[in-house]
Amino acid sequence: MSTDTPAELPVAVIGAGPVGLAAAAELLERGLTPIIFESGQTPAAAVASWGHIRLFSPWQYDVDAAARRLLASTGWQEPDGETLPTGAELLEQYLRPLAAVPAIAAALHTSTRVLSVSREGLDKTRTSGRETTPFLVRVRNDEGTVTDYRARAVIDASGTWSTPNPLGQAGLPAVGEVEAFEAGLITGPLPDVTGRDRDRFAGKHVLVVGAGHSAANTLLELGELAAQARGTRISWAIRNASPAGVYGGGDLDGLPARGALGSRLRTLVEEGRIELHTSFTITGFKPSDTLAVIGSTPAGEQQLDVDLLVPATGFRPDLDMLREIRLDLDPAVEAPRELGPLIDPEFHSCGTVAPHGAKMLSHPEKDFYIVGMKSYGRAPTFLMATGYEQVRSIAAALAGDQQAANDVQLVLPETGVCSTDLGSSCDAPAAEGPAESCCGTSAAPESEPAASSCCGTDTAPESQFLGIPTGLAHGRSAQRGS
Ligand SMILES: Cc1cc2nc3c(=O)[nH]c(=O)nc-3n(C[C@H](O)[C@H](O)[C@H](O)COP(=O)(O)OP(=O)(O)OC[C@H]3O[C@@H](n4cnc5c(N)ncnc54)[C@H](O)[C@@H]3O)c2cc1C
């Protein structure tokens, strides 16, 4: 066994997405040594999967400050801050160059999946000496070789992309769901139906399930495909009684872009080019050559026979690999306990909370942090810029600079809005003052949580587009009975 003391050991970073790579840059700037594990064959494998989607936050909010400084030394040309990249552009113009910076490349292990995290020699129940015992990070590479690494701290930035919510009711997979997925009748989230995955969808009857941003995107793209490829048929199933939240306000919408997109979707439905099934709760699947989708509806049980189903029902964190770590999570959202109430989709529908860092993200397990998309647990409104501030603060804390760790700053624009597109109820900039704003600028101490809602007004001018919509006005609590 190595005789390294914990302080000499590297900081393990799980995942080389935007936030994991930013964590590595922040650690390097603090003189700490990262070791990064990425399950994909290349960095930012999750972003690569949704490369065809255009971001709604412009470049200036998509680049971490320490990463920018690190890249500057390589002659990197920063993209124009006002433009909106696609996922593929984010990858090619920022994440891949960042992963190729020698100090990061030397620390990055691709095709390496973290299986579990623990403390060396101590299971979860052992307390004595725990805080000074190195972490043990067990990984498996693509050849199947399992290796244990030691680390002084662990930053879990593994995202939620690979763990979509199940389609069945009650948060559980419906009967036959796993088999239907394994048979290829249920796709992954956000397929590129007019590009990379076109052949899979052309001429097929496709059912989209979900009532948010992803569902709307996929439906509109399928609408394009159906106009080109004969025989393509589109169905859309939602649990709500009405799709109004997804359509937005149409011509009356405070944001023209959102209104236009919502109107396009509404038109496709009203012209019968999308068959909408409301109040449809999936109870089972019968997979064969095609897929029979069984749903409970107010009119009784219904069956939809389709070729393919695209799930757009959100994501949840994979907590299995953290079984031996002492976590303190919000019981509903599965985010760190203090963060959970600030982002709970029952009550919030916008993408920003007060700035937060090491303190709010800490767990009973000292020097262990969940960051990035995964830090929001089941809440859908995470922003990269939020993650960059999380890892800046954590790197400072690990370097012993508590003052910098506690001095968390919100870097989003004061009059920003939460999203560009349909589905969000909070696209209109908030009224004066950061407290009620969804995208305020002011620095805030860790101890001052955000105001509870961001939907301030529908009269303010359109400005920045930023944030992820959930399609819910003031959270799900405002949607009851709709
Ligand atoms: C379609 C879409 C559009 C979005 N648009 C925006 C936007 O406009 N602006 C914005 O700010 N945010 C946006 N987001 C939200 C969020 O910022 C992104 O999802 C971002 O990629 C999150 O970064 P991350 O590093 O936390 O996680 P990810 O990008 O998901 O990266 C996690 C990485 O960890 C790897 N991994 C997973 N499990 C393991 C494991 N066990 N071991 C090792 N590696 C593992 C994955 O392969 C992946 O590369 C968007 C999200 C989606 C899905």
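The following legends describe close-up views of a predicted model. Local features are reported only at pLDDT of at least 70 and side-chain atom pairs only at pLDDT 80 or more, whereas totals for chains, interfaces and linings use all residues. Residues are numbered from 1 along each chain as its sequence is written.

View 1. Helices (H or I, at least four residues) and strands (E, at least two) are DSSP runs, numbered from the N terminus.

**View 2. Helix H13 and its flanks.** The 15 residues of H13 reach 21 Å from first C-alpha to last, close to the expected 21 Å, which is 1.5 Å times one less than the number of residues. H13 is largely enclosed by the rest of the structure, because 15 of its 15 residues are buried, that is, with 20 or more other C-beta atoms within 10 Å of their own, all placed from the backbone. Leu383 lies in the loop between strand S15 (368–370) and H13, and is buried with 25 other C-beta atoms within 10 Å. Leu383 and Ser57 are 326 residues apart in sequence, but their C-alpha atoms are 8.6 Å apart in space. Just after H13, Gly400 adopts a positive phi of about 90°.

**View 3. The largest nonpolar core.** This core has 81 residues, and Ala23 and Ile155 have the most contacts inside it. H13 contributes the largest share, nine residues. A nonpolar core is a set of buried Ala, Val, Leu, Ile, Met, Phe, Trp, Tyr and Cys residues joined through C-beta atoms within 7 Å. Leaving aside residues up to four places away in sequence, Ala23 touches Val13, Pro34, Ile155, Ala157, Val371, Val391 and Ala395, with contact likewise defined by backbone-placed C-beta atoms within 7 Å.

**View 4. Strands S1 and S2.** S1 (residues 11–14) pairs with S2 in the parallel sense over four bridges, where pairing requires at least two DSSP bridges. Val11 stands opposite Pro34 of S2. From S2 (residues 34–37), Pro34 and Ile36 point one way and Ile35 and Phe37 the other, and all are buried.

Terms used:
Buried ≥ 20, exposed ≤ 12 C-beta atoms within 10 Å, placed from the backbone. Contact = placed C-beta atoms within 7 Å.
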